[in-house]
Amino acid sequence: MIDVYYAPTPNGHKITLFLEEAQLPYQLHHVDIGAGDQFKPEFLAISPNNKIPAIVDRQPADRGEPISLFESGAILLYLAEKTGQFLSTDVRERAATLQWLFWQVAGFGPMLGQNHHFNHYAPQPVPYAIDRYQKETERLYGVLNTQLRHHTWLAGDEYSIADIATYPWVVSHERQRIDIDAFPAVKSWFERIRERPATQRAYQLAAKA
């Protein structure tokens with residue numbers, strides 16, 4: 001059983017997407033980040049960076065004590081290795097998957113997060129920041145579109161944790177002021193993932209959270 005400490009954000013969705021795809025049993029624990037649950041001592045014991053998502057694996061592969069993890073990329077990599085799913089053992093395919101996974105966690109997610117903040121949450125408009133992060137968002141969508149013009153999935157021919165990590169951030173493209181039609185390869189990829197049964201289950205779950 002996997003305990004998942006979760007809120008319905010792009011990073012939270014990454015983990016439920018994987019677990020639904022892999023059909024691993026899990027228990028959701030909703031973390032109300034608006035109420036400050038992420039700062040409670042019991043949550044900080046699992047996620048010292050006071051961010052969701054986090055997990056506790058009650059049945060790790062070594063049959064030892066439970067393993068707790070924070071950071072969405074680390075969790076996806078751990079779960080992929082635990083299950084043998086969505087991360088190839090072929091050296092080249094694995095390298096490509098990890099490359100695009102790290103691209104997402106180091107660039108695509110953080111930059112789009114800044115786009116969200118300055119477009120929707122900053123207490124007053126900051127034109128320089130709005131322009132900077134809008135341009136970077138558009139650049140990153142261009143990088144994604146170029147990759148997907150040449151590959152069915154982000155890291156090649158197989159659906160992987162790189163796709164699972166990236167998709168939830170594209171769900172919010174309208175709030176990022178992105179015209180998805182301007183990136184046709186991204187749009188096609190996005191629609192294929194949206195139609196996957198596991199994706200639909202994960203987002204139905206989010207609607208109830």
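Predicted model: local features only at pLDDT ≥ 70, side-chain atom pairs only at ≥ 80, totals over all residues.
**Entry 1: ground rules**

Residues are numbered from 1 along each chain as its sequence is written, and side-chain values use heavy atoms, with hydrogens and water left out.

**Entry 2: the sheet**

I began with the strands. Helices (H or I, at least four residues) and strands (E, at least two) are DSSP runs, numbered from the N terminus. I call two strands paired if DSSP finds at least two bridges between them.

In what order do the strands of the open sheet lie? The order is β2-β1-β3-β4, 4 strands with mixed pairing. The edge strands are β2 and β4 (67-70), each pairing on one side only. From one strand to the next the twist averages 15°. For such angles, axes are lines fitted to C-alpha atoms (for helices over the stretch in contact), and values run from 0 to 180 degrees between N-to-C directions.

I then looked at β1 on both sides. Strand β1 (residues 2-6) runs parallel to strand β2 (residues 26-30), with 5 bridges between them. I found Tyr6 bridged to His30 in β2. Towards strand β3 (residues 54-57), β1 has 4 bridges, and that pairing is antiparallel. There Val4 stands opposite Ile55 of β3.

Which hand does the unit of β1, helix α1 (residues 10-22) and β2 have? The β-α-β unit is right-handed. The test is this: with the strands pointing away from the viewer, the path from the first strand over the helix to the second runs clockwise.

**Entry 3: salt bridges**

I counted 10 salt bridges. The rule asks for a side-chain nitrogen of Lys or Arg within 4 Å of a carboxyl oxygen of Asp or Glu. For burial I use relative accessible area: buried is under 20%, exposed is over 50%, and partly exposed is in between (1.4 Å probe, protein chains only).

Glu20 pairs with Arg201, with the closest N and O atoms 2.8 Å apart. This pair links distant parts of the chain, helix α1 for Glu20 and helix α8 (residues 197-208) for Arg201, 181 residues apart. Is Glu20 buried or exposed? Glu20 counts as buried because its relative accessibility is 15%. Arg201, at 33%, is partly exposed.

Glu136 and Arg139 form another salt bridge, at 2.8 Å from N to O. Both sit in helix α5 (residues 127-150), 3 residues apart, which is about one turn of the helix. Arg139 has a relative accessible area of 45%, so I list Arg139 as partly exposed.

Asp181 and Lys187 meet at 2.6 Å, N to O. I have Asp181 as partly exposed at 49%. Lys187 is partly exposed too, at 27%.

**Entry 4: aromatic rings**

How many aromatic pairs are there? I get 12 aromatic pairs. Rings of Phe, Tyr and Trp (its six-membered ring) pair if their centres lie within 6.5 Å; planes under 30 degrees apart are stacked, over 60 edge-to-face, and the rest tilted.

Tyr141 and Phe183 make a tilted pair, 5.5 Å centre to centre with 45° between the planes. Why does this pair tie together separate parts of the sequence? Tyr141 is in helix α5 and Phe183 is in the loop between α6 (161-170) and α7 (184-194), so the joined parts are 42 residues apart in sequence. Both residues are buried.

Next I took Tyr167 and Tyr203, an edge-to-face pair at 6.1 Å between centres and 85° between planes. Helix α6 holds Tyr167 and helix α8 holds Tyr203, 36 residues apart. Tyr167 is buried at 3%. Tyr203 is partly exposed at 21%.

I also noted one aromatic cluster made of Trp100, Trp103, Phe108, Tyr141 and Phe183.

**Entry 5: charges over rings**

The criterion is NZ of Lys or CZ of Arg within 6 Å of the ring centre and within 35 degrees of the ring normal. Arg192 puts its charged end over the ring of Trp153, 4.7 Å from the centre.
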